[in-house]
Amino acid sequence: MADCLFCGIIEGKIKGDIVYRDDRIVAFRDVRPQAPVHILIVPVKHVAMLSDVQKEDYELIGAIHGVANRLAEKEGVAKGGYRIVVNCGANAGQTVFHIHFHLLGGRHFSWPPG
Ligand code: 5GP
Ligand code: ZN
């Protein structure tokens with residue numbers, strides 16, 4: 001999709017620190033990390049937000065979580081615990097409208113979230 005930041009990173013038009021790629025899923029480090037490990041996992045397919053996910057995407061969304069688990073292992077945060085966050089819409093603070101799964105690890109996270 002034109003003018004989408006994360007499509008630009010996926011296509012290599014915009015610089016990104018890519019840590020994982022397959023034909024459907026790309027993961028890259030967040031430019032403003034909120035934890036020692038902060039990776040954004042995105043589908044290659046442009047879906048704007050979680051509320052746009054359709055039934056045909058369910059397997060893809062599951063596969064994204066599989067990638068998150070493997071990256072958590074690789075980054076050394078699996079044992080200590082980690083958090084997956086999806087911000088959907090204005091109240092959640094979504095700023096980039098290409099769905100992304102934040103993988104956060106390497107420190108303790110409080111609950112409830114801010
Ligand atoms: P949201 O608030 O939409 O859930 O998360 C968007 C995330 O994208 C933020 O954590 C922000 O730091 C990150 N981000 C914004 N611009 C860029 C960029 O150009 N490159 C990378 N790697 N991350 C970005
Ligand atoms: Zn996009």
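The legends below describe close-up views of a predicted model. Local features in this predicted model need pLDDT of at least 70, side-chain atom pairs count only at pLDDT 80 or more, and totals for chains, interfaces and linings use all residues. Residues are numbered from 1 along each chain as its sequence is written, chains are lettered from A and ligands numbered from 1 in the order in which they are written, and side-chain values use heavy atoms, with hydrogens and water left out.

**View 1. The zinc ion (ligand 2) and its protein donors.**
The site is tetrahedral, with angles of 103 to 116° among the four donor atoms, a term used for four donors if all angles lie between 85 and 135 degrees. Along the chain, the donors follow the spacing C-x2-C-x38-H-x51-H. Distant parts of the chain are linked by the pair Cys 7, in helix α1 (residues 5-10), and His 98, in the loop between β4 (82-85) and β5 (101-105), which are 91 residues apart; helices (H or I, at least four residues) and strands (E, at least two) are DSSP runs, numbered from the N terminus.

**View 2. Ligand 1 and the residues around it.**
Of the 16 residues around ligand 1, those that come nearest are Asp 30, Asn 87, Thr 95, His 100 and His 102; a residue is near a molecule or strand if one of its heavy atoms lies within 4 Å of it. A backbone N or O atom of Arg 29 lies 2.9 Å from a nitrogen atom of ligand 1, while oxygen atoms of the ligand are approached by a backbone N or O atom of Thr 95 at 2.7 Å and by one of Val 96 at 3.1 Å. The protein covers 84% of the 520 Å² of accessible area that ligand 1 has on its own, areas being computed by the Shrake-Rupley method with a 1.4 Å probe, where for residues only the protein chains shown count as cover.

**View 3. His 102 in strand β5, with Asn 87 in the loop between β4 and β5.**
His 102 counts as buried at 11% relative accessibility, whereas Asn 87 is partly exposed, with a relative accessible area of 22%. The side chains of His 102 and His 38 are joined by a polar contact of 2.8 Å; such a contact is a pair of N or O atoms within 3.5 Å, and within protein one must be able to donate a hydrogen and the other to accept it, while residues adjacent in sequence count only if both atoms are side-chain atoms. Leaving aside neighbours within four places in sequence, His 102 is in contact with residues including Asp 30, His 38 and Asn 87.

How values were computed. Donors are N, O and S atoms within 2.8 Å of the metal (3.2 Å for Na, K and Ca); water is not among the atoms, so sites may look incomplete. Four donors count as tetrahedral if all angles lie between 85 and 135 degrees; four count as square planar and six as octahedral if opposite donors are over 155 degrees apart and all others between 65 and 115; anything else is irregular. Buried means under 20% relative accessible area, exposed over 50%, partly exposed in between (1.4 Å probe, protein chains only). Contact means heavy atoms within 4.5 Å.
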